[in-house]
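Here is a short report on one chain.

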Amino acid sequence: MTNRMSFFKREWPILLLTLIPFVVLAVFWNQLPNELPVHWNIEGQADGYGPKYLMPLIGLGIYLMMLVLPKIDPKKRNYDIFAGTYRKLRFILIGFFSILSILVMMSSLGYNIDLSRVVVMGICLLFALLGNLMGNVRPNWFIG
């Protein structure tokens with residue numbers, strides 16, 4: 001029981017970030033089109049579409065993948081050394097995809113959001129934040 005409590009105490013911010021897009025999706029399910037943009041070309045125009053639940057699922061997939069990676073990494077003991085940094089990396093990545101998912105849904109509902117500008121600024125911020133943390137990552141097979 002203590003391990004579960006410890007897990008949820010440690011994970012609740014990331015879990016919350018992962019679940020928020022699903023809540024937004026559920027609230028606006030009937031108003032959203034069946035397909036939402038999931039890819040934009042160099043001019044910032046949507047050129048790839050997917051089912052409306054795809055973006056939140058990508059965030060969930062990244063969350064689950066990043067929980068599993070330390071368990072299957074041959075250098076798994078190094079994750080203990082940079083556990084705090086790894087948690088921050090996960091929070092940043094999930095936050096990026098969650099915010100992007102919500103903004104895509106809001107844009108599809110008619111809100112005036114320049115997604116091409118948001119994506120470019122978001123990726124720049126993502127790289128800056130991740131780059132700032134990479135110096136603390138220890139040798140492993142998947143990150144850094």
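**Basis**

This is a predicted model, in which local features need pLDDT of at least 70, side-chain atom pairs count only at pLDDT 80 or more, and totals for chains, interfaces and linings use all residues. Residues are numbered from 1 along each chain as its sequence is written, and side-chain values use heavy atoms, with hydrogens and water left out.

**Overall layout**

The chain has 5 helices and 2 strands. Helices (H or I, at least four residues) and strands (E, at least two) are DSSP runs, numbered from the N terminus. Along the sequence the pattern reads α-β-β-α-α-α-α. The C-alpha trace spans about 45 × 35 × 20 Å along its principal axes. Of the 144 residues, 35% count as buried. Buried means under 20% relative accessible area, exposed over 50%, and partly exposed in between (1.4 Å probe, protein chains only). Contact means heavy atoms within 4.5 Å. Among contacts with a separation of 6 or more, 68% come from residues 24 or more positions apart.

**The hairpin**

Strand 1 (residues 35-40) pairs with strand 2 (residues 46-51) in the antiparallel sense, over 5 bridges. Two strands pair if DSSP finds at least two bridges between them. Together, strand 1 and strand 2 form a hairpin with 5 residues between them. Gly44 sits in the turn and has a positive phi of about 85°. Leu36 has Gly50 in strand 2 as its bridge partner. For Pro37, the bridge partner in strand 2 is Tyr49.

**Helix packing**

Two packed helices are described by the angle between their axes and the distance between the axes. Axes are lines fitted to C-alpha atoms, for helices over the stretch in contact, and angles run from 0 to 180 degrees between N-to-C directions. The table lists two pairs.

| Pair | Angle | Axis distance |
|---|---|---|
| Helix 2 (residues 54-72) and helix 4 | about 170° | 8 Å |
| Helix 4 (residues 83-108) and helix 5 (residues 115-133) | roughly 175° | within 10 Å |

Helix 2 and helix 4 are therefore roughly antiparallel. Angles over 145 degrees count as roughly antiparallel, under 35 as roughly parallel, 65 to 115 as roughly perpendicular and the rest as oblique. By class, the contact of helix 2 with helix 4 has 16 nonpolar, 2 polar and 1 charged residues. Ala, Val, Leu, Ile, Met, Phe, Trp, Tyr, Cys and Pro count as nonpolar, Asp, Glu, Lys and Arg as charged, and the others, Gly among them, as polar.

Helix 4 and helix 5 are also roughly antiparallel to each other. By class, the contact of helix 4 with helix 5 has 15 nonpolar, 3 polar and 1 charged residues.

**Two buried residues**

Asn78 lies in helix 3 (residues 77-81). Its relative accessible area is 16%, so Asn78 is buried. The Asn78 side chain reaches the backbone oxygen of Pro139 at 2.7 Å. Leaving aside neighbours within four places in sequence, Asn78 is in contact with Arg138 and Pro139.

Thr85 lies in helix 4. Thr85 is buried because its relative accessible area is 10%. Leaving aside neighbours within four places in sequence, Thr85 is in contact with Leu133, Asn136 and Val137.

How values were computed. Polar contact = N/O pair within 3.5 Å; in protein donor to acceptor, adjacent residues only side chain to side chain.
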